Amino acid sequence: MVLFSLERALELANIGHMQFVKDQIAALVLKGVKKAFPEVAKEVSVKMEYPTDENHGDYATAVSFELAKNVRKNPREVAQTIIDATLLPKWIKKAEVAGG
């Protein structure tokens, strides 16, 4: 699982635009997947969700679990590879691996 935390000012300013932000993060993750795992990127759909625990960031995706099966790697390793391949804008405070 990859967790994303937003800069607090952006989060508060964009309460009404959270679906837009969610879609933007999904697009960033998909670009990272295409860069890190081009051989299976066509088969991937990035679904973003809101973590139930607020300590787990603002958004999460389980795309690493889906990819792990296809690339035969540990989901945590896949998640870190996606993070490393994803260019994060300044409004994302951090991306981190959880679970798996």
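Student: How does α3 pass α4, in a left-handed or a right-handed crossing?
Tutor: α3 passes α4 in a right-handed crossing. A crossing is right-handed if the near helix is turned clockwise from the far one by less than a right angle, and left-handed if anticlockwise.

Student: What sort of model is this, and how are residues numbered?
Tutor: This is a predicted model, in which local features need pLDDT of at least 70 and side-chain atom pairs count only at pLDDT 80 or more, while totals for chains, interfaces and linings use all residues. Residues are numbered from 1 along each chain as its sequence is written, and side-chain values use heavy atoms, with hydrogens and water left out.

Student: How many helices and strands does the protein chain have?
Tutor: There are 4 helices and 4 strands, in the order β-α-α-β-β-α-α-β from the N terminus on. Both are DSSP runs numbered from the N terminus: helices are H or I with at least four residues, strands are E with at least two.

Student: Back to α3 and α4. At what angle do the axes cross?
Tutor: Roughly 110 degrees, and the axes of α3 (residues 63–71) and α4 (residues 75–85) come within 8 Å. Axes are lines fitted to C-alpha atoms, for helices over the stretch in contact, with angles from 0 to 180 degrees between N-to-C directions. The two helices are therefore roughly perpendicular; that label covers 65 to 115 degrees, with under 35 roughly parallel, over 145 roughly antiparallel and the rest oblique.

Student: Which residues meet there?
Tutor: Val63, Ser64, Phe65, Leu67, Ala68 and Val71 of α3 meet Pro75, Val78, Ala79 and Ile82 of α4, where contact means heavy atoms within 4.5 Å. By class that contact has 9 nonpolar, 1 polar and no charged residues. Ala, Val, Leu, Ile, Met, Phe, Trp, Tyr, Cys and Pro count as nonpolar, Asp, Glu, Lys and Arg as charged, and the others, Gly among them, as polar.

Student: Where is threonine 86, and what is it in contact with?
Tutor: Threonine 86 is in the loop between α4 and β4 (92–97). Leaving aside neighbours within four places in sequence, threonine 86 is in contact with Leu28, Val29 and Gly32. At a relative accessible area of 11%, threonine 86 is buried.

Student: How many aromatic pairs are there?
Tutor: Rings of Phe, Tyr and Trp (its six-membered ring) pair if their centres lie within 6.5 Å; planes under 30 degrees apart are stacked, over 60 edge-to-face and the rest tilted. By this rule the count comes to 1 aromatic pair. The rings of tyrosine 50 and tyrosine 59 have centres 5.3 Å apart and planes at 45 degrees, so the pair is tilted.

Student: Is tyrosine 59 buried or exposed?
Tutor: Tyrosine 59 is buried, at 1% relative accessibility, whereas tyrosine 50 is partly exposed at 43%.

Conventions. Buried means under 20% relative accessible area, exposed over 50%, partly exposed in between (1.4 Å probe, protein chains only).
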